[in-house]
Every structure is written in C-alpha cells, then in structure tokens.
Amino acid sequence: MQDGQFEVVVDGGRLRGSVTGHGDPVLLLHGGPGLPCSYLGPLVDQLADGDEVACYQQRGLPPSTAGAPYDLRTQVADAIAVLDALGWERAVVAGHSWGGHLLLHLLPDHPERVSAALVIDTLGGVGDGGEAEFDAEMLRRTPAQDLARVEQLEAQAMQGLGSDADLMESMRLLWPAYFADPAAAAPFSLEAFSVEAYAATFASLHDELPGLAARLAGIAVPTLFVHGAAGPMPVTASTDSAEAIGPSASVEVLADAGHFPWVERPGAIRAALDRLTGR
C-alpha cells in the first residue's frame, strides 16, 4: 500500500483500491454489479471521519484489471484477498446494494474475518430477495415515455447483450427512481458500467439465492441492516434477511431516504455504524 492506494493479485488480474481515514478498519463493498466504486465517495468521506475505510474497484472495471469469472464464490474470495492485502485479520464490512448482497455471502463463508456487518439497502437473502418487487417499483416510478427503452435495455443486459453504453443509458433513465423524491434526485454522475460484470454476476446470484437463507441462519456476527423507507427496495428484503440470521441481526429503517441514504440523510450511515460497533 502506498499513498492510500493498494492492489492485490486475484484470479484473472488485479484489484485496485484506496484507503482513507484513521481508526478501526472498515471494508466498503460497492453496488452494481458492474458499477464504478467512485459513487461511494461521499459515504467514504462520512465513514472515514472516525474509521480507516478501504474501498476497491470490483472486477470488471478500471482501474482494476480482473475480469471473468464473476461468480459469487470468486467475488467473496476477492473480498478476502483485499482484507489479506491490507493486513486486516478482522474488520467491519459494509456493503451497499449488490455489495450488501455480496456481504450476505461473505458472512457464512468467513464469519471469522468480519467483526460486524453493515448491510445498506440491499437485495435480500430470502426468497427472491425482493427483486421482483424492486423491479416493479422502479418501473412504476419511471416516466412512461422512458419505460419501453428501459425494458429493452435491461432485457439485453441480463442476456449479456448490448453495450456498456446501453446499460449506462438505462441507468440514467432509471436514476431518479432510486430516490425518495425522484424530482429531487441527485445529479447522475456515473462514468462507466460493465454489462459483462452485470449479467454474469446476476446469473451467479440467481443460482446461489435459493440456498442463501439456510446458510445465513445462526450467524453470530453483529449485523445491522439499514434500509431507506422511501426507496424502491422493499423493506422486507432487509427484515426477512435479519429474521433468517437470528438474534445477532437487527434492522433500522430510515424515513425520507431511498436507495442512497447517505445522500438524502447525511450522517445516518455514520451514526448507524457507531451504534453497530457500540460507540
């Protein structure tokens, strides 16, 4: 690690990331899949006010060079490789959206590496994880004139077809629907998207999802689900997952927040992390 930057050799290439702040170690897993980790910049800044926060670009996008395979087990191994490269035997692990779902797979495989888990507005681990309800709500919130184009682009993406630019167009059209008040959504600022990572990761996710709830049962790692009450992801995605884990898991629902609660409720995720770790 040099000047806050690090890289680690993994299956298929290298993962690159950065470390910010001082304090207890926190590994932050970004959403997507196939998104740049840069969208988490404001959250990194909030969490780094009190902790040492690492975030790496997952496989599929620069500056990381690792590509396929994109299966869940490989990406869990990536997260462990990053912890090893940082010299963190145990750390708080926080994940947003897809990153939170990845964390739900990391927990049963490597509970000894996670001192506490912060799961932010994620696809759940029970049933379909809330995916069908999430998709329907996203489309309901999207202006009618954009729906046909979005449905075409999303269908292409899930089949691994279309281009990265096509998926970026879909994300731009859907973007306001992620927020509690779509009319007041934050500006769209994503600069890249990998359709290959998106399609292949979701294929593996769907293969693994039927057995996830049973694997989560009885995990003793302190786990907090933070959920935006006014976003498109159903609250049951978090509450059902917490119930599957058992007494070590709890849920906080944030009013007036959508899928990116640190944007609409600055400081709320920082406060949730402090409560989770007993500070």
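## Basis and a buried arginine

R270 is buried, with a relative accessible area of 11% (buried means under 20%, exposed over 50% and partly exposed in between, with a 1.4 Å probe and protein chains only). The structure is a predicted model, in which local features need pLDDT of at least 70 and side-chain atom pairs count only at pLDDT 80 or more, while totals for chains, interfaces and linings use all residues. Residues are numbered from 1 along each chain as its sequence is written, and side-chain values use heavy atoms, with hydrogens and water left out.

## Salt bridges

The structure contains twelve salt bridges, each defined as a side-chain nitrogen of Lys or Arg within 4 Å of a carboxyl oxygen of Asp or Glu. One of them joins D274 to R270 at 2.7 Å, N to O. These two residues lie four apart in helix α11 (residues 268-276), so about one helical turn separates them. D274 is partly exposed, at 22% relative accessibility.

R59 and D78 also form a salt bridge, at 2.6 Å from N to O. This pair links distant parts of the chain, with R59 in the loop between β4 (51-56) and α2 (72-86) and D78 in helix α2; helices (H or I, at least four residues) and strands (E, at least two) are DSSP runs numbered from the N terminus. R59 is buried at 3%, and D78 is buried at 4%.

A network of salt bridges links E7, R14 and R16.
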